[in-house]
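The sequence and the structure are shown first.

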Amino acid sequence: MQPFVALSKKREYTRSMSTHPSHKADASKSIQTSEQARGRRQRSGGRSARVQAAVFEATLELLGEQGYEALNFATIAQRAGIHKTSLYRRWETKEQLVLDAVESQVTKEFPLPNTGSLRSDLIHLVRYLSAFLQSAVGQALLQMAFASRREPAIGSFPKNYWQHRYPYLRPLFDRAIARGELAAQTDLQLLFEMLLGVLYVRAFVLGESLDETLPERIVDLVLADGGARKPATT
């Protein structure tokens, strides 16, 4: 009987201690500590996201301003307002950082106009392309293309970026073909390159501004077979 009595007393002691105010306080402190730890992790994650956003923004800005060759971790860290070691902890090379920064901004597809008219659709599209090429991301893509000879991995990204968008634009041209506004045998990739190419030359080769009337003039010229008149048949 004695072992049973001892065990019973031990259980009563355990129950009394679990309800003791000091033990409740300890449990409360433990819960608070756990919640504080979770809060710190959440704040840390939020700060990490903010730091990454600042780094990507600084990278794209400097890439467009200075070019790929002049870009380095020191200037990126200074522009982002962080210590350089924070970059090395996340990215081993400048190439990795640039690719991550650009990829974070180019996941969205073009808005695909559907106005019921090929001319109107293309004007809307060229307006978007004009604004995009003048943005930090557009400037970064251009600088990456310039760096392609020395950095093949960097240079291939702009090419893949634009090639990926050709199929995405196909419905716009298919609707025009169905309406009889575009010949079925039209080289659609070449048509898109003509629209985009004029913007590239004006902005990056000639260094001229892309005014508001330019998209309409480009579209009218392209749809008129490059402005050339077909020779009269005799």
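## Helix packing and salt bridges

Helix H6 passes helix H9 in a right-handed crossing, a crossing being right-handed if the near helix is turned clockwise from the far one by less than a right angle, and left-handed if anticlockwise. The model is predicted, so local features need pLDDT of at least 70 and side-chain atom pairs count only at pLDDT 80 or more, whereas totals for chains, interfaces and linings use all residues. Residues are numbered from 1 along each chain as its sequence is written, and side-chain values use heavy atoms, with hydrogens and water left out.

H6 (residues 118-133) and H9 pack at an angle of about 35°, and their axes lie 10 Å apart; axes are lines fitted to C-alpha atoms over the stretch in contact, and angles run from 0 to 180 degrees between N-to-C directions. From H6, Leu122, Leu125, Val126, Leu129, Ser130 and Leu133 meet Phe192, Leu195, Leu196, Leu199, Tyr200 and Phe204 of H9, contact meaning heavy atoms within 4.5 Å.

The protein chain holds 10 helices and zero strands, where helices (H or I, at least four residues) and strands (E, at least two) are DSSP runs numbered from the N terminus. Of its 234 residues, 33% are buried, that is, under 20% relative accessible area, with exposed over 50% and partly exposed in between (1.4 Å probe, protein chains only).

Valine 205 lies in helix H9 (residues 188-205) and is exposed, with a relative accessible area of 63%. Val201, Val205 and Leu206 make a nonpolar surface patch of about 280 Å²; patches consist of residues with over 30% relative accessible area and no salt bridge, nonpolar side chains being joined within 5 Å and like charges within 9 Å.

The count of salt bridges comes to seven, each being a side-chain nitrogen of Lys or Arg within 4 Å of a carboxyl oxygen of Asp or Glu.

Glutamate 216 is partly exposed at 36% relative accessible area, and arginine 119 is partly exposed at 33%.

How values were computed:
Areas by Shrake-Rupley, 256 points an atom, 1.4 Å probe, with all protein chains shown as cover.
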